[in-house]
Amino acid sequence: MKILLSVFWFGAILFFAGNLRAQEEEKPQDAEGCKDSPLVTRFPGSTIHSCERKEYEEADLPMGSDKDGNALTKHVEGDYQSWDIGTREGVSEIQVFQNFQNALTTAGFTVDYENSPEQLVAHKANTWIFIDNRGTYYNQTMVSEKQMQQEVGADASSLGEEINKSGHVAIYGIHFDTGKAGIQPDSEKTLREIAKLLRQNADLKLRVEGHTDNQGNAAANQTLSEKRAQAVVAWLTGHGVAAGRLIAKGLGQTQPVADNASADGQTKNRRVELVKQ
């Protein structure tokens, strides 16, 4: 009798163990390498279908429409993460939407745009979160704004190629003292490449343009940009470039290439441009 009971219990254990393994195998698994957002937990019972992480990327977040019906967006750039997440069975759009709305508000985020129950945009400090929700799944995008690290230096060859192609090139390797025209020492490598470009192209004449962001007084920015352009010309003529091949011109804040509303946009607008004459 004892032997029969032992066999019965052993068989029962194998049966239940087999069922547990089968249930574990049936449970959806997160995509390989994907982890939860560090700021907002996933909706309970959800599965991460895919994810993406980039050191630096841009995103245009929906912000509704203007009075004429034109779509408005918030452009952000920085540390980028995104997730495609499937929710558990039986979940509704409004359920997912309100959960994230309440969670973000409780965490101190400011809700910038909501189109219930589908879209939600919120930010806290320099971090933006966008929820694009369909109930059975939702996409979550998170961007922490930051300035891009410049990793590629301009050389004479690449500068020449861009000038030949478009007639001008923006230079970001020339750094000035804050609010002044003094050229910082780490700019010398870039300046030497500009001088090299001019030596290799004897017929090339350049207009050296100074540009600023829109911070401060417009008239002061105009004067500052002129002095910075003049400082670059002075450096080049002091290193063997004929003065007749260069013209200095300050354009202040009048020709932005990015949105001055962000720190990164301001950085892009503070530049020197070389324009073929």
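Mentor: Strand β4 is joined to strand β5 (residues 127-133) by 6 bridges, and the two run antiparallel; strands here are DSSP runs of E with at least two residues, helices are runs of H or I with at least four, and both are numbered from the N terminus. Two strands count as paired if DSSP finds at least two bridges between them. Before going further, note that this is a predicted model, in which local features need pLDDT of at least 70 and side-chain atom pairs count only at pLDDT 80 or more, while totals for chains, interfaces and linings use all residues. Residues are numbered from 1 along each chain as its sequence is written, and side-chain values use heavy atoms, with hydrogens and water left out.

Within the β4-β5 pair, H123 has W128 of β5 as its bridge partner, and the hairpin formed by the two strands has 2 residues between them, with A125 in the turn showing a positive phi of about 55°. Strand β4 itself, residues 119-124, is mostly covered, since 5 of its 6 residues are buried, where buried means under 20% relative accessible area, exposed means over 50%, and partly exposed lies in between (1.4 Å probe, protein chains only).

β4 belongs to an open sheet of 6 strands in the order β1-β2-β6-β5-β4-β3, with antiparallel pairing. Its edge strands are β1 (47-65) and β3, each of which pairs on one side only, and the twist averages 25° from one strand to the next. Elsewhere in the sheet, β2 (residues 71-86) and β6 (residues 137-145) run antiparallel and are joined by 9 bridges, Q81 having M142 of β6 as its bridge partner. Helix α2 (residues 93-106) lies across β3, β4, β5 and β6 and runs at about 10° to β4; axes are lines fitted to C-alpha atoms, for helices over the stretch in contact, and angles run from 0 to 180 degrees between N-to-C directions.

Leaving aside its neighbours within four places in sequence, E55 is in contact (heavy atoms within 4.5 Å) with G78, D79 and K146, and its C-alpha atom is separated by 6.4 Å from that of Y80, 25 residues apart along the chain.

Turning to the helices, the axes of α3 (residues 156-166) and α4 (residues 188-200) come within 8 Å and cross at roughly 65°. The contact is made by A156, L159, G160 and I163 of α3, together with E193, I194, K196, L197 and Q200 of α4. α4 also packs against helix α5 (residues 218-237) at an angle of about 65°, with the axes 10 Å apart; from α4 this contact uses E188, L191, R192, I194, A195 and L198, and from α5 it uses V232, W235 and L236.

As for confidence, the mean pLDDT (the predictor's confidence in each residue, from 0 to 100) is 89, and 88% of the residues reach 70 or more. Over residues 7-17, however, the pLDDT is below 50, and beyond near neighbours in sequence this stretch has 0 contacts in the model. Where pLDDT is low, the predicted coordinates should not be read in detail.
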